[in-house]
Amino acid sequence: MDGWAALLGLLGLLGLSRPGEAEPGVRAYPHGALLDGQGRYRLGWGRRGSVLDVLLEVRTAGYVGFGFSPTGRMASADMVLGGVDRGRPYLQDYFTDANRELKRDDQQDYHLEYAMENSTHTIIAFSRELHTCDINDKTITESTVRVIWAYHHDDIGEAGPKYHGINRGSKSLRLLNPEKTSVVSEVLPNFDLTNQNVPIPNKGTTYWCQMFKIPVFQEKHHVIKVEPRIQEGHESLVHHILLYQCSSSFNESVLDYSHECYHPNMPDAFLTCETVIFAWAIGGEGFTYPPHVGLSLGTPADPQYVLLEIHYDNPTNQEGLIDNSGLRLFYTTDLRKYDAGVIEAGLWVSLFHSIPPGMPEFRSEGHCTLECLEEALEAEKPGGIHVFAVLLHAHLAGKGIRMRHFRKGEELRLLAYDDDFDFNFQEFQYLKEERTILPGDNLITECSYNTRDRIRMTWGGLSTRNEMCLSYLLYYPRINLTRCASIPDIMEQLQFIGVKEIYRPVTTWPFIIKSPKQYRNLSFMDAMNKFKWSKKEGVAFNELVLRLPVNVRCSKTDNAEWSECLKHHFHRRSSLLKVPPFPLLLPRPWLSLKGSQRKETQTFLAGMNHQMKATGARDYCVFGPLENNVPRCLPLTALPCGCFCSRSDH
């Protein structure tokens, strides 16, 4: 047995355990993470009531540094330094000011449990309160925590700690995540859904789609764990992965074909894939379902075909990248009690989600309305559904996301939140306690953004430089509801900057302003960018947007809508309805239609036009099927059922 193995063997004798190896009566560190890329710095941690227990294992015989930072850097950080100097353990509480000057804290809140070292490694175990009432300490919450680490080969000494040089780094973690109650054996049968030698374009943002056929099962199975399979070296390239359920009626030749998503030339079969069944984002690890829940495969209601959508983020436009990333699904015939489902809630991705530049704080809201949840749940599961995990999703300007939960007009405690959102660390949060969503409840996904360093508008969209505000809810039992989202009215946003009239009929996208003179012949995007935004104007605009009527989507698995046409599409917080002054785009399955599909769509829209003339609603246009890659404008007098923006604005 080498010295390092012997050193680790002493942990059990000291009442300590390495991550995942706790025994009765032993201090537990159920969570673990490798903080560097060479395996030299390992972190274990666990929560005991209001106390956080920490175990550090570092390849050094000098001092070890560990702490918390608001940005992942040294400025304004809370940290602790410790080690073993000539056989004597030490641990000292420090902090840094805004200029990164290291200072010893007068209030020592880190408590040494044990420290030991041999010729190669140092182990330190310590604890501290989650909230210390010390202005120099960071309160540890359920939000993302940016952990910083460092080490040196010499101990601190009388002159203080020497500069650590390159032996440092940071990592975002959720230190208060609940402990996993289900451990899945790696020997379980599994299958991979991975891209095969995909050439990544030399542009900032690419969404790549590949359709797969699920293995044929003769009986029902449950997927109980999903792992990301990220190609080595591409950890920052693969930003997120979505897995969609697809229609089961198409030519299987498409299974051998992959293509850029949201492109006019991608296969029509890809357009049938609308129901999200799993989501993973950068920084996340594998997801294990609770012991009583699994993702069902093998029944007629389960997916036979799935679409793997991978978002590649290539901000430096690097050339020659080839990727083979994807997902690995572990399954079993030992069925769980419930089938899992996923609901996408928040703001559906659209240019009508607009954020002014220069704003240190701007808030957007996506509504999953009580009308939608009442109709879907009353029909499917009157006793409600139970949420057990949530993935909160935004892009680079995102600084915080909250999932708010209301019942009978009263706000309950937050369903999930992350007040220190990190674009590079997004994963499903296991809820400490399952939350029940009842008919008539409503949910608001609330996102805060920081655009202080931007000089142009930020728009909702697919690029990481655009924004999103989404929550993915993992729940059981599965019902026929996949999307519950909203988007604010665009015309009243434009009225804020003085727009009076647009050209009708609409023949271009983005549509063009007719008056006033200063915006004439500009697209609505250019007009918003031309407006002279100040912080005061941005705050007023934010207050307006939060009061605007919203277009609501309440989607079933087959992309049909729960709500009756026009009944709940536009919704105010006061529950007043408003006839829309301008439409949104047609859904993704209606883009790029060809042949009989195009004719059927045009017939449907013409019929809806005739039917809605009696309503007296105002005229406007809806974009229909593409002709020569230009959206065709179809004049209508009211929004037909199913005319919704899906995941693309072009």
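A disulfide is a pair of cysteine sulfur atoms within 2.5 Å. By that criterion Cys-372 is joined to Cys-554, with an S to S distance of 2.0 Å. The structure containing this bond is a predicted model, and a search through the whole of it finds five disulfides.

The bond between Cys-372 and Cys-554 has a torsion of about 85 degrees about S-S, so the disulfide is right-handed. It connects distant parts of the chain: Cys-372 belongs to helix H2 (residues 370-380), Cys-554 belongs to strand S39 (residues 550-555), and 182 residues separate them. Both Cys-372 and Cys-554 are buried.

A second disulfide joins Cys-368 to Cys-484, with an S to S distance of 2.0 Å. Its torsion about the S-S bond is about 100 degrees, so this disulfide is right-handed. Since Cys-368 lies in strand S27 (residues 362-368) and Cys-484 in strand S36 (residues 483-488), the pair ties together parts that are 116 residues apart in sequence. Cys-368 has a relative accessible area of 2% and is therefore buried, given that buried means under 20% relative accessible area. Cys-484, at 0% relative accessibility, also counts as buried.

A further disulfide is formed by Cys-209 and Cys-261, whose sulfur atoms are 1.9 Å apart. This link is right-handed, with 115 degrees about the S-S bond. Cys-209 is in strand S14 (residues 205-213), whereas Cys-261 is in the loop between strand S17 (258-260) and strand S18 (275-281); the two cysteines are 52 residues apart. Cys-209 and Cys-261 are both buried. When the bonded cysteines of the protein chain are numbered in sequence order, the pairing reads 1-3, 2-4, 5-9, 6-10, 7-8.

The chain as a whole may now be considered. It has six helices and 42 strands. Of its 650 residues, 58% are buried. Among contacts in the chain with a separation of 6 or more, 74% are between residues 24 or more positions apart.

In soluble globular proteins, nonpolar side chains tend to be buried together. The largest nonpolar core in this model has 64 residues, and those with the most contacts inside it are Met-211, Phe-278, Phe-287, Tyr-289, Phe-388, Phe-428 and Tyr-472. Strand S21 (residues 305-313) contributes the largest share of this core, namely six residues. Domain 2 (190-336) and domain 3 (343-489 + 549-555) both give residues to the core, so the core lies between them. Leaving out residues up to four places away in sequence, Met-211 touches Cys-246, Phe-250, Val-254, Leu-255, Tyr-257, Ala-269, Phe-270, Cys-273, Val-306 and Leu-307. There is also a second, separate core of 63 residues, which includes Leu-351, Cys-447, Cys-469 and Ala-527.

Helix H5 (residues 535-545) shows how buried residues are arranged on one helix. Within H5, the residues Gly-538, Phe-541, Asn-542, Leu-544 and Val-545 are buried. Because these residues cover an arc of only 160 degrees around the axis, they lie on the same side of H5. An α-helix has 3.6 residues a turn, so residues three or four places apart point the same way. The elements covering the buried residues of H5 include strand S26 (354-355), S27, S36, helix H3 (491-496) and helix H4 (524-530).

Strand S33 (residues 442-449) contains Ser-448. With a relative accessible area of 14%, Ser-448 is buried. Apart from its neighbours within four places in sequence, Ser-448 is in contact with Glu-361, Phe-362, Arg-363, Ala-397, Gly-398, Lys-399 and Gly-400.

Finally, the confidence of the prediction should be considered. The protein chain averages a pLDDT of 82, and 81% of the residues score at least 70. Over residues 20-25 the pLDDT stays under 50, and the model has four contacts for this stretch beyond four places in sequence. Residues 564-650 also have a pLDDT below 50, and this stretch has 221 contacts in the model beyond near neighbours in sequence. Where pLDDT is low, the predicted coordinates should not be read in detail.

Note on methods
Residues numbered from 1 in each chain as written. Predicted model: local features only at pLDDT ≥ 70, side-chain atom pairs only at ≥ 80, totals over all residues. Heavy atoms only, no water. Core = buried A, V, L, I, M, F, W, Y, C linked by side-chain atoms within 4.5 Å. Buried < 20%, exposed > 50% of the residue type's maximum accessible area, 1.4 Å probe, protein only. Helix = DSSP H or I, 4+ residues; strand = E, 2+ residues; numbered from the N terminus. Domains from an automatic or database assignment. Contact = heavy atoms within 4.5 Å. pLDDT = per-residue confidence, 0-100. Arc of directions from axis to C-beta.
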